[in-house]
Amino acid sequence: EAGAFSQRVQSLGAGTDDMVEVATNLLHIVLDDRRVGAVGALKIDVEGAEDRVLIPFFREAPASLHPRAILIEHVASPLWREDVMQVLRERGYAARFRNTHNTGLVRLD
């Protein structure tokens with residue numbers, strides 16, 4: 001699969017000019033290919049595509065790969081096709097802080 005990204009330095013995902021296509025892959029496949037056995041913390045900021053990265057990850061990755069903590073940029077959540085925060089709550093995460101751009105969550109197990 002491919003993703004389109006702007007080449008502008010200020011924001012690689014928000015622009016429409018100077019777009020370039022790059023190869024992409026699902027997060028759990030990338031981790032498996034690199035033989036990653038556990039993820040302690042995850043920071044995600046993909047300009048409104050957080051749902052398209054995290055939801056397939058949590059549906060398909062083994063629980064052993066689910067990070068203990070997540071810092072997610074939520075400022076572009078109106079672009080989400082699915083509610084990532086709801087999916088994270090269903091997986092046992094709770095918000096520990098929130099500011100204007102990010103939410104920090106931890107798994108409560």
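Biologist: In this predicted model, which side chain of opposite charge is nearest to the buried E50, and how far away is it?

Modeller: E50 is buried and yet takes part in no salt bridge. A salt bridge requires a side-chain nitrogen of Lys or Arg within 4 Å of a carboxyl oxygen of Asp or Glu, and the nearest oppositely charged side chain lies beyond that reach, so E50 stays without such a partner. That nearest side chain belongs to R52, at 6.7 Å.

Biologist: Which backbone nitrogen does the side chain of E50 reach?

Modeller: E50 belongs to helix α2, which covers residues 50-60. Leaving out residues up to four places away in sequence, E50 touches I44, D45, I55, I72, E73, W80 and V84. Its side chain also comes to 2.9 Å from a backbone nitrogen, and that nitrogen is the one of V46.

Biologist: With which residue does D51 form a salt bridge?

Modeller: Side chains of opposite charge can pair when their charged atoms come close. The closest N and O atoms of the pair are 3.3 Å apart, and the partner of D51 is R52.

Biologist: Is E90, which meets R91 in a salt bridge, buried or exposed?

Modeller: The side chains of E90 and R91 meet at 3.8 Å, N to O. R91 has a relative accessible area of 29% and is therefore partly exposed. For E90 the relative accessibility is 52%, and because the cut-off for exposed is over 50%, E90 counts as exposed.

Biologist: Which residues are linked with D109 in a network of salt bridges?

Modeller: D109 is exposed, with a relative accessible area of 67%, while R107, at 17%, counts as buried. These two residues form a salt bridge in which the closest N and O atoms are 2.8 Å apart. The network that contains D109 also includes R68 and R107.

Biologist: Which residues does V84 contact, leaving aside its neighbours within four places in sequence?

Modeller: V84 is among the core residues that touch the most other members. With its neighbours within four places set aside, the contacts of V84 are E50, D51, L54, I55 and I72.

How values were computed: Residues numbered from 1 in each chain as written. Predicted model: local features only at pLDDT ≥ 70, side-chain atom pairs only at ≥ 80, totals over all residues. Heavy atoms only, no water. Helix = DSSP H or I, 4+ residues; strand = E, 2+ residues; numbered from the N terminus. Buried < 20%, exposed > 50% of the residue type's maximum accessible area, 1.4 Å probe, protein only. Lys, Arg positive; Asp, Glu negative; His and termini not counted. Polar contact = N/O pair within 3.5 Å; in protein donor to acceptor, adjacent residues only side chain to side chain. Contact = heavy atoms within 4.5 Å. Core = buried A, V, L, I, M, F, W, Y, C linked by side-chain atoms within 4.5 Å.
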